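I opened my notebook to look through this structure one spot at a time. Here is what I wrote down.

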Amino acid sequence: MTPQEYVEEVLSLVERIPEGKVMSYGAIADALAEISGRNSARQVGSIMARHGGGVPWHRVVNSSGRTPPGHEQEARQRLLSEGVPLKGDHVDMTRAAWTP
DNA sequence: GTATTGACATCAG
DNA sequence: TCTGATGCCAATA
């Protein structure tokens, strides 16, 4: 599987995250490990940083439920409006976690 | 071919 | 909350 295809897989998976749910970078890496043979949360993060535009990136958080840097306030607002359970400034992963 | 880097994960101070 | 240390792995330089 080429890097471009891996990028496509990551993006399409992020697009499939339903409203009110989120996935961690590690969860995405795990979910795609099956078909990609790769398993690196860092790679997922890098991909989001480069090609994150066009997908609901705010539904992708780190394992603590923290929103990504740079657009924290916007992410928080979108998550809130989608009904994602928030605990202060971070997502309640125990209820918001989603897997395909 | 080697080194550096990074929107990560976890644990310990 | 925030560093630092460790482990991890592919992209970049």
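Predicted model: local features only at pLDDT ≥ 70, side-chain atom pairs only at ≥ 80, totals over all residues.

Residues are numbered from 1 along each chain as its sequence is written, while chains are lettered from A and ligands numbered from 1 in the order in which they are written.

Next I asked which element gives the most to the surface near DNA strand B. I found α3, with seven residues (helices are DSSP runs of H or I, at least four residues, numbered from the N terminus). By class, I noted eight nonpolar, eight polar and one charged residues on that surface (Ala, Val, Leu, Ile, Met, Phe, Trp, Tyr, Cys and Pro count as nonpolar, Asp, Glu, Lys and Arg as charged, and the others, Gly among them, as polar).

Then I turned to the helix pair: the axes of α2 (residues 25-36) and α3 (residues 41-51) come within 8 Å and cross at roughly 105° (axes are lines fitted to C-alpha atoms, for helices over the stretch in contact, with angles from 0 to 180 degrees between N-to-C directions). That makes α2 roughly perpendicular to α3 (65 to 115 degrees). Tyr25, Gly26, Ile28 and Ala29 of α2 meet Ala41, Gln43, Val44 and Gly45 of α3 in this contact (C-beta atoms, placed from the backbone, within 7 Å).

Last, I looked up Trp98, in the segment after α5 (93-96). Leaving aside neighbours within four places in sequence, Trp98 is in contact with Ile17, Pro18, Lys21, Val22 and Met23.

Definitions and conventions. Helix = DSSP H or I, 4+ residues; strand = E, 2+ residues; numbered from the N terminus. Parallel < 35°, antiparallel > 145°, perpendicular 65-115°, else oblique. Contact = placed C-beta atoms within 7 Å.
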